[in-house]
Amino acid sequence: MTGADGATFSALRYLRVDQRHVQQVVEHQPDLRFLSVKTDKFDISWLRAASLTHLEITTSEVNSIRLLANVRGLRHLTLSARNFGDTGLLGDCAALESLSLDLAAAQDLHPLTKLPRLRSVSAAGCPLKRIPKSVPWSHLDLLDSRVSSETVAAFRRAQPDCQVWRVDDDHQFGTAQFLGELLLIDRESFEDGLLNTIPKTQ
């Protein structure tokens with residue numbers, strides 16, 4: 001593929017792009033692993049990149065969510081879309097291991113129990129009303145979500161091994177303590193862990 005400046009792009013593995021060019025680029029990159037798109041609107045109907053393992057979509061409006069099931073190798077999904085609320089539409093994304101719905105319109109996380117490999121969920125800023133009580137998750141981010149303290153307490157009792165992030169005075173996990181714990185994270189270890197979520201190239 002040749003870009004507007006005459007440069008040739010081939011065998012891309014990682015790509016950040018706006019929607020004006022994303023379809024044209026992705027269709028010519030059969031080995032693409034990581035795709036990050038930030039745009040006003042995004043339609044998934046054309047996305048057939050079977051090689052994708054990581055997908056980030058930041059948008060005001062996303063359409064054709066069910067068709068993500070066509071990306072069968074998708075393991076890590078960030079879907080920050082203000083119009084997305086029905087988590088049941090992700091039920092066929094069987095390979096998902098981590099899911100971020102930060103600032104989306106999701107109200108119910110129960111449908112995510114159908115995803116057998118899912119271990120990490122972030123729903124920060126979502127207007128949540130329901131979360132499941134029995135899931136094999138290791139991490140759940142509920143920061144700035146609207147789920148009740150009683151619901152969170154019930155989840156913690158049922159899932160003592162799951163790390164739950166929530167600024168909640170009922171659990172003595174106030175903002176100061178939360179920020180303090182974040183500052184104790186070893187930066188190098190954190191960055192190594194982040195990089196380990198991106199597949200290595202040969």
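Me: How many helices and strands does the chain have, and in what order do the elements run from the N terminus on?

Reply: In this predicted model, the elements run β-α-β-β-β-β-β-β-β-β-α-β-α-α from the N terminus on. Counted by kind, the chain has four helices and 10 strands.

Me: What share of the residues of the chain counts as buried, and what share of the accessible surface belongs to carbon and sulfur atoms?

Reply: The chain has 202 residues, of which 42% count as buried. The accessible surface comes to about 11400 Å², and the share of that surface belonging to carbon and sulfur atoms is 49%.

Me: Which residues have the most contacts inside the largest nonpolar core, and which element gives the most to this core?

Reply: In soluble globular proteins, nonpolar side chains tend to be buried together. The largest nonpolar core here has 46 residues, and those with the most contacts inside it are Leu47, Leu90, Leu101, Leu109 and Trp137. Helix H1 (19–26), strand S2 (34–38), strand S4 (54–59), strand S6 (76–81) and helix H2 (149–158) each supply at least two residues of this core. With three residues, the element that gives the most is S6.

Me: Which residues does Leu90 touch, not counting residues up to four places away in sequence?

Reply: Leu90 is among the residues with the most contacts inside the largest nonpolar core. Leaving out residues up to four places away in sequence, the residues that Leu90 touches are Ile65, Leu68, Leu77, Phe84, Leu99, Leu101, Leu112 and Leu115.

Me: Which residues of H2 are buried, and which strands are included in what covers them?

Reply: The buried residues of H2 are Ser149, Val152, Ala153, Ala154 and Phe155. What covers these buried residues includes strand S9 (139–141) and strand S10 (163–165).

Me: Is Ser100 buried or exposed, and which residues does Ser100 touch beyond four places away in sequence?

Reply: Ser100 has its place in strand S7, which spans residues 98–100. Its relative accessibility is 14%, and since buried means under 20%, Ser100 counts as buried. Not counting residues up to four places away in sequence, Ser100 touches Leu77, Thr78, Leu79 and Ser122.

Me: Why does His76 count as buried, and what is the length of the polar contact that joins the side chains of His76 and Ser98?

Reply: His76 is found in strand S6. The relative accessible area of His76 is 16%, and because the cut-off for buried is under 20%, this residue counts as buried. The side chains of His76 and Ser98 are joined by a polar contact of 2.6 Å.

Me: How many salt bridges does a search of the whole structure find, and where in the chain are Arg75 and Glu97?

Reply: A search of the whole structure finds two salt bridges, and in one of them the side chains of Arg75 and Glu97 meet at 3.6 Å, N to O. This pair links distant parts of the chain, 22 residues apart, with Arg75 in the loop between strand S5 (61–63) and S6 and Glu97 in the loop between S6 and S7. Arg75 is partly exposed, with a relative accessible area of 28%, and Glu97 is also partly exposed, the value being 29%.

Me: Which parts of the chain does the pair of Asp108 and Arg130 tie together, and what is the N to O distance of their salt bridge?

Reply: Asp108 is partly exposed at 22% relative accessible area, and Arg130 counts as partly exposed at 42%. The side chains of these two residues, Asp108 and Arg130, meet in a salt bridge. Asp108 lies in the loop between S7 and strand S8 (120–122) and Arg130 in the loop between S8 and S9, so the pair ties together parts that are 22 residues apart in sequence. The N to O distance of the salt bridge between Asp108 and Arg130 is 2.8 Å.

Me: What is the phi of Ser64, and is Leu103 buried or exposed?

Reply: Most residues other than glycine have a negative phi. Ser64, in the loop between S5 and S6, has a positive phi of about 60 degrees although it is not a glycine, and at 30% relative accessibility Ser64 counts as partly exposed. Leu103, found in the loop between S7 and S8, has a positive phi near 70 degrees. At 56% relative accessibility, Leu103 counts as exposed.

Key
Residues are numbered from 1 along each chain as its sequence is written. This is a predicted model: local features need pLDDT of at least 70, side-chain atom pairs count only at pLDDT 80 or more; totals for chains, interfaces and linings use all residues. Side-chain values use heavy atoms; hydrogens and water are left out. A nonpolar core is a set of buried Ala, Val, Leu, Ile, Met, Phe, Trp, Tyr and Cys residues joined through side-chain atoms within 4.5 Å. Buried means under 20% relative accessible area, exposed over 50%, partly exposed in between (1.4 Å probe, protein chains only). Contact means heavy atoms within 4.5 Å. Accessible areas come from the Shrake-Rupley method with a 1.4 Å probe; for residues, only the protein chains shown count as cover. A salt bridge is a side-chain nitrogen of Lys or Arg within 4 Å of a carboxyl oxygen of Asp or Glu. A polar contact is a pair of N or O atoms within 3.5 Å; within protein, one must be able to donate a hydrogen and the other to accept it, and residues adjacent in sequence count only if both atoms are side-chain atoms.
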